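Dear colleague,

Please find the structure below, followed by an account of what was found in it.

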Amino acid sequence: MYKLTLDGVDIMGERLAEEVVEVINRRPEARKISFIAHSVGGLVARYAIGRLYRPPRRKAVEDLSSGVCDDISRGTICGLEAMNFITVATPHLGSRGHKQVPFLFGVTAIEKVASIVIHLIFRRTGRHLFLNDNDEGKPPLLKLMLDDCGELYFMSALQAFKRRVAYANVGYDHIVGWRTSSIRRNSELPKWKDSISEKYPHIVYEEISEGKNSDKCTEDAMTVGNCDALEG
């Protein structure tokens, strides 16, 4: 069973999507859904919600001057209201180069070798993490997951959640670096000090950002009060 985690982000995502559907079918009273995932599981969950996303129903508004449409409801995850999507130490940007894997010490030569041999250890999942996959000549999967792709609504699914949080370890995580888990460039990493919070002493930095739709969406379609959180 432990080898199943080496099958690739997409295969694992499809399996997770199928399992979610099975659970929903057994629990017809369910109305809301949340996801919390750790490490590679965050990528798997992102893939799964892209498969499970259902676009909102739209109702034409009788406004000849604008011709806009109002949403009857937000998009859903397999018909359920999307509440929280939380990742913990997930390599959202992959693991290739740029000190994304701390235990490689940021040595370029070692990072290059790791990129070449990673599939020998972690098979297809390793190719996805190091962006070495090119199934049918397509771009790496993690790049495809930056936006909606065909019948997979990766970004729309994320936007459907009322709350999205990415937790990142600022230190002592030798597998997933702070940059990739907090979705930042190295120059964007904030300076941090010891936490002064008595309730959450392990959180040393927190940032709330306004949730926005992709550039292809109109400003009128933006959801008010939607936010993303990054916590270190």
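**Salt bridges and helix packing**

In this predicted model, D10 and R124 form a salt bridge whose closest N and O atoms are 2.5 Å apart (a side-chain nitrogen of Lys or Arg within 4 Å of a carboxyl oxygen of Asp or Glu). The pair joins distant parts of the chain, with D10 in helix α1 and R124 in helix α3, 114 residues apart (helices are DSSP runs of H or I, at least four residues, numbered from the N terminus). D10 is buried at 13% relative accessibility, while R124 is partly exposed at 26% (buried is under 20% relative accessible area, exposed over 50%, partly exposed in between, with a 1.4 Å probe and protein chains only).

Helices α1 (residues 9–26) and α3 (residues 108–129) pack at about 105°, their axes 8 Å apart (axes are lines fitted to C-alpha atoms over the stretch in contact, and angles run from 0 to 180 degrees between N-to-C directions). The two helices are therefore roughly perpendicular (65 to 115 degrees). V9, D10, I11 and M12 of α1 meet R124, T125 and H128 of α3 in this contact (heavy atoms within 4.5 Å).

The whole structure holds ten salt bridges. Among them, R15 pairs with D7 at 3.0 Å between the closest N and O atoms. D7, R15 and R123 are linked in a salt-bridge network.

Residues are numbered from 1 along each chain as its sequence is written. Local features need pLDDT of at least 70 and side-chain atom pairs 80 or more, whereas totals for chains, interfaces and linings use all residues, and side-chain values use heavy atoms, without hydrogens and water.

Technical notes
Angles under 35 degrees count as roughly parallel, over 145 as roughly antiparallel, 65 to 115 as roughly perpendicular and the rest as oblique.
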